[in-house]
Amino acid sequence: PGETLVINAKLDGKVLITSVSGNNTIQRNWSRLVLEDELPFDRPVLREGESVIVPDKKYGNLDADSAMVLKHWEEPHGCLIVEIGANEEDLASILVEEGHQVLGIDLRPWNAKVKNYARMEGDFVALAPFIKPWQFDVAISTSAIEHFGLNVYGSPEVEDYDSQAMREVFRLLHPGGRCYLTVPYGREFRTNGHWRVYCRKTLQ
């Protein structure tokens, strides 16, 4: 809080953060946010040592993943949306305010009550077979798939659980549906403890 941050995104899976606070300048590596070559904002602020906040004229302060999804949003009014890993951002609230219906699925409880927002608590891969397939217009997963199968947030430890999750995502989408996905991206695939960094090959 109170810091001014300059963020330079690089395609090696790391982000260099220059933190300027008073007369002190501190540089540190932060390997969570690599979304595009060019970030869609000018002046993010670091919150709680982890989350980047993006000022937005219409929606106020947004987390970086929500800002990225909204930057590329091209969907018609009234979509049926499934959000996988729906617990740490305001994207669902914004989408229902814009006239969409959202089903959020997350391992962790969330007590917020939002109109036109349904919620399932549990493992997405385990729950997805009980959801009617091919019915959703849009699937969204922001900074979530990279954690699947790595024994974090209560997820079981399964080697290809991220791939299993993506197969379920596309089973739920109707033909022509769209998936908005953000994950860490780098030159080479690797696992950093609780998350994966993907490369072009592993994304394909």
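In this predicted model, helix α1 lies across strands β10 (136–142) and β11, and its direction is at about 140° to that of β11. Helix α4 (residues 161–172) also packs on the sheet, where it touches β7, β10 and β11, and its direction likewise makes about 140° with that of β11. Seven of the nine residues of α1 (residues 64–72) are buried, so this helix is largely enclosed by the rest of the structure. The buried residues of α1 are A64, D65, S66, A67, M68, V69 and L70.

The sheet under discussion is open and has five strands in the order β9-β8-β7-β10-β11, paired in parallel. Strands β9 (117–121) and β11 (173–182) stand at its edges; each has a single partner strand, so one side of each has no neighbour in the sheet. On average, and with direction ignored, neighbouring strands are turned by 20° against each other.

The pairings can be followed strand by strand. Strand β7 (residues 80–84) runs parallel to β8 (residues 101–106) and is joined to β8 by five bridges; I84 stands opposite I105 of β8. Towards β10, strand β7 has three bridges, again parallel, and E83 has I140 in β10 as its bridge partner. Strand β10 in turn pairs with β11 in the parallel sense over six bridges, with R178 of β11 as the bridge partner of V138. Six of the seven residues of β10 are buried, so this strand is largely enclosed by the rest of the structure. Together, β10, α4 and β11 make a right-handed β-α-β unit.

A pair of aromatic rings is described by the distance of the centres and the angle of the planes. The whole structure holds three aromatic pairs. In one of them, the ring centres of F148 and Y161 are 6.4 Å apart and the planes are at 35°, so the pair is tilted. Because F148 lies in the loop between β10 and α4 while Y161 belongs to helix α4, the pair ties together parts that are 13 residues apart in sequence. F148 and Y161 are both buried. F189 and Y198 make another tilted pair, with ring centres 5.8 Å apart and planes at 55°. Here Y198 is buried, at a relative accessible area of 6%, whereas F189 counts as partly exposed because its relative accessibility is 37%.

A charge also meets a ring: the charged end of R108 sits over the ring of Y153, at 4.3 Å from the ring centre.

Conventions
Residues are numbered from 1 along each chain as its sequence is written. This is a predicted model: local features need pLDDT of at least 70, side-chain atom pairs count only at pLDDT 80 or more; totals for chains, interfaces and linings use all residues. Side-chain values use heavy atoms; hydrogens and water are left out. Buried means under 20% relative accessible area, exposed over 50%, partly exposed in between (1.4 Å probe, protein chains only). Helices (H or I, at least four residues) and strands (E, at least two) are DSSP runs, numbered from the N terminus. Two strands pair if DSSP finds at least two bridges between them. Axes are lines fitted to C-alpha atoms, for helices over the stretch in contact, and angles run from 0 to 180 degrees between N-to-C directions. Contact means heavy atoms within 4.5 Å. A crossover is right-handed if, with the strands pointing away from the viewer, the path from the first strand over the helix to the second runs clockwise. Rings of Phe, Tyr and Trp (its six-membered ring) pair if their centres lie within 6.5 Å; planes under 30 degrees apart count as stacked, over 60 as edge-to-face and the rest as tilted. A charge sits over a ring if NZ of Lys or CZ of Arg is within 6 Å of the ring centre and within 35 degrees of the ring normal.
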